[in-house]
Amino acid sequence: MRKFFNCVLSILVSMTMISSLQSPALLLAQEEETEEVQEEVEELVEDTKEEVSEEEVIEEETNEEETNEEEIEQENATTGEITDYDSLEKAAVAFRDILKDRNKTKGVRFPSSTSGFNESLFDSIVFQHTGNAYEGDALKSQFHCIEKSIIEENGYVTVGLNTYHAGTTKVQDLRVKTEIEDIIYENDLDEISAYDAIKKAYDIICDMTSLDTNHVSLCANDPEYHNSFNSEFDSKWTAHTAYAAVEQQKAVGEGIAALVYDMLLESGIDCRIVHGNMNGAHAWNIVYLNGNYYHLDASLDAANKKAGKPYEYFLKGSKAMVDRTISDSYIGGYAISTKDYIASQYGENDIVEQKTVGTISYILLGKGLLTISGSGALTSNPIVNKTMVEKVVIEEGITSIPDSFFDGFKCVEEVVLPASVQSIGNNVFVSSPRYTVKPNSYALQYVKNNHYSYFIDCAHTLVAHAKVEPTCTEKGYEKYWTCKTCSQYFSDSMGKNIIPQPIHIDALGHNVVNWTILKEPTCTDLGEKRGSCTRCSVVQTLAMDKLAHTLIETKRVEPTCTKDGQREYWTCSVCSKMFSNKYATKEITSVVTIPKTGHTAVVDKRVEPTCTETGLSEGSHCSKCNEILIPQNSIDALGHLWDEGVEMDDGTILFTCKRNASHTRSELAPVSGEEVLQGYSLSLYGNIGIKFYLSLKNENAYVEFKLPNGTVQRVSVKDADVDSVSGKGYYVFTCFVSAKETTDPIQAQVHYDNGECGPVYTYTVEDYAKYLLANSNKYSAQAVNIAKNMMTYGRYAQEYFGYHTNALPSVVNPLEDINLDAYTYQLVDNNKDVDFVGARLILTTRPGLKLYFKGDASFKVNQEAAYCTKEGNYTVVTIYDIYNMKEMFNIDTDNFHLSYGIFSYGKQALQTLNTSLKNLIKAMDLYNRSISD
């Protein structure tokens, strides 16, 4: 299997090579290779022979936690940590953390009691509703089939986590926590009123989730389903967790209820997960608001919201939830309102709704009384708050009731009909068997004919049931009577007061007195007390609530343009914990920063240079803090732009500046055989260079170019291009330079065949770029853009190579962020004899590539400007004179294919920590785009 080494990096500054290798493995060269490079490549290959491929390394890093998990478990299994506690209660709290950490290698030990280990009490503390969003009910939603290892010996109980099956991983739990914190922060749920926070959180959850009907039938008590577990994490239970609601945006009722639980508790609002039955197992929430708990069922209301319908289960009282039964273990001790939250906001005689439909008037009062008056037949029921209605009084004048008139009125207990009603439709009284109707003679006959036995006027044969007194743990019942004929329940011996069921008396609960404080509570630790019941002598050891934190506020700091601010927070002076609100309901581990606002830029206008005076580039400053954002750099004076000149009588030529006619100069007219420099231009076709336009009469001459680094280029008249400007013919001699040499002065001198030399002309690529930009109205927008991007490319090449950094180009375009993912190299390697080792980038007037391969092969390349050579133990494919830097080249041999380009190299360079290299790649992209348009 081939091994790819991320490409080899060796930087050639100017025309020579740096011998040191850098990482990642990218090679950047200016021109020729040396033996040093070959040795460096050889050394890197040797160092990496035993390494795995890049893809394998990435996979190994991604799965690091999973790959080490078994080893860690095996190691800890032999050195498991058992921590001692002095009470069952403290040990249970510690075991809760073990369960949260999913750490099977730890356990707890504590003194055993005379009656043995109370596992029920232990579990109740582990899953105690602590107010922490990720404990209590939320923890129950994560785990199913928890098996503990329990050892009782030598007066101690040792409890460990033997087996568990979780619906989420720790990483998934962290994702849920992060997502919830982001939602709370973005919507200020912990800063607004309790009602607004509940409503906004409910809206968000109903928007983002839907009920997962594929998993709704799964039940935690289904033995057959539990037997299917085969690992500690089982994705079949994920649908029961908040993670499914957040990540998959679909979960069963328990999963969506867990998300409501987490989000509201994190916002400082008490909430519980409630389980029960609604045509099968179901879960929802109760939430505390203004002294009472109310029902929430976001799993069902999510569909209502998406369909544009009103919520049916938002802040509902218990009377409105008749479509389900609730497990007693989830409502004991909670004051759940019988009425909806909207009803609790009204006084008994306040009007909640008042509607008129034709000749019929409807008035709903806060005490739940709906009065219907008027004349004629009822047609439709316009009342919105149906579950508020407990009693309906239909007054004289109403003649008929249509089909299903009371549908949705779940809490009605009594309907009073007038004698004027002479027609009752189908299913009027069917929707709720709890109705007690006081009918007129027509209604009585109607219900008898339709076999509605609970309406029949029965003589009642009553049987008495004795009162059952409650105990500490068992509920009792008041005395009641039942009718042998109609099975109605009555609270009196005369059969006058019908009740829906026997009136139960709540269990008394233990009357524990003589409490002894075993441990005083603090703001971070529970206390502990012990007492005995006066009725049943049960001894109870209970946890005592933590004390309130002593909070010190740290004020909010507003952000500035350049500095982050911070949100206000509170610190406990006792335990030093930090909280995001003054109620200490949400602990934070660090200060929440407010991102800096950033500058508001104002443009400082460009000042154009003249022939003799410097100008200023466009810049900007912040209007808020006056910081200079883009400095106005000095722009060199343009210099004179002379015309072709006029020959004067005295044998001189008078030149006039085209920019300012008051500027003139004189030169001697040329004699026969001498050259005349007519002007310059810039190469704008992917290569970088200056063109010298000369009038020459000697066809055997040549032009010699010299650069400051000593490089000499010669171009003969015979090899020069010929161009016509304004009807005159000129020889065009071009000196090509690399990107970093754009500010280097180029010396040009004509050499004649008789050994004589002409004058020396000195010019730079930057000189002509400035001229072109100063006269942009005479040139195409593309030419102007190419010139600016050429100078940008040159500037960052100079900075990268540290070359003449005191003479950087002054006119550049700003760099842009780029994404080169589309140029990721593609490799198909089925040839065991060939390995792709790395790549080298060559920066000359046009860039090139060198690709290094281990092994002998005959490569085919889809590029004419390419050749293959042998360098030591490597086969090297060189692709030179690349015009389009975005082109991908195909290098093939038998069963081997590599697709690679300039920006395949650039993509890897952008992933390095080398800022100057990244800037160079971005500048190359700007330049390439301008010459490709």
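Let's start with helix α4, residues 88-101: it has 14 residues and spans 20 Å from first C-alpha to last, close to the 20 Å expected at 1.5 Å a residue. Expected span here is 1.5 Å times one less than the number of residues. Helices are DSSP runs of H or I with at least four residues, strands are runs of E with at least two, and both are numbered from the N terminus. Before I go on, this is a predicted model, where local features need pLDDT of at least 70, side-chain atom pairs count only at pLDDT 80 or more, and totals for chains, interfaces and linings use all residues. Residues are numbered from 1 along each chain as its sequence is written, and side-chain values use heavy atoms, with hydrogens and water left out.

Back to α4. Which of its residues are buried? They are L88, E89, A91, A92, A94, F95, R96, I98 and L99. Buried means under 20% relative accessible area, exposed is over 50%, and partly exposed is in between, using a 1.4 Å probe and protein chains only. Just after α4 comes R102, with a positive phi of about 55°.

Now look at α16, residues 781-801. This helix has 21 residues and reaches 30 Å from end to end, C-alpha to C-alpha, close to the 30 Å expected at 1.5 Å a residue. Of those 21 residues, 15 are buried, so α16 is largely enclosed by the rest of the structure. Just past its end, G802 takes a positive phi of about 65°.

Okay, helix pairs. The axes of α7 (residues 170-187) and α11 (residues 253-266) come within 10 Å and cross at roughly 50°. Axes are lines fitted to C-alpha atoms, for helices over the stretch in contact, and the angles run from 0 to 180 degrees between N-to-C directions. The two helices are therefore oblique to each other. For the cut-offs, under 35 degrees is roughly parallel, over 145 roughly antiparallel, 65 to 115 roughly perpendicular, and the rest oblique.

From α7, V176, I180, E181, I183 and I184 meet L259, D262, M263 and E266 of α11. By class, that contact has six nonpolar, no polar and three charged residues. Contact means heavy atoms within 4.5 Å. As for the classes, Ala, Val, Leu, Ile, Met, Phe, Trp, Tyr, Cys and Pro are nonpolar, Asp, Glu, Lys and Arg are charged, and the others, Gly among them, are polar.

Next pair: α8 and α12 (residues 298-306) pack at about 75°, with their axes 8 Å apart. That makes α8 roughly perpendicular to α12. On the α8 side we have Y202, D203, I205, C206 and D207, and on the α12 side A298, D301, A302, K305 and K306. This contact divides into five nonpolar, no polar and five charged residues.

In the loop between α8 (194-208) and α9 (223-226) you'll find L211. With a relative accessible area of 25%, L211 is partly exposed.

Leaving aside neighbours within four places in sequence, H751 is in contact with A701, Y702, E704, E756 and C757.

Zooming out, the chain has 18 helices and 60 strands, and 43% of its 933 residues are buried.
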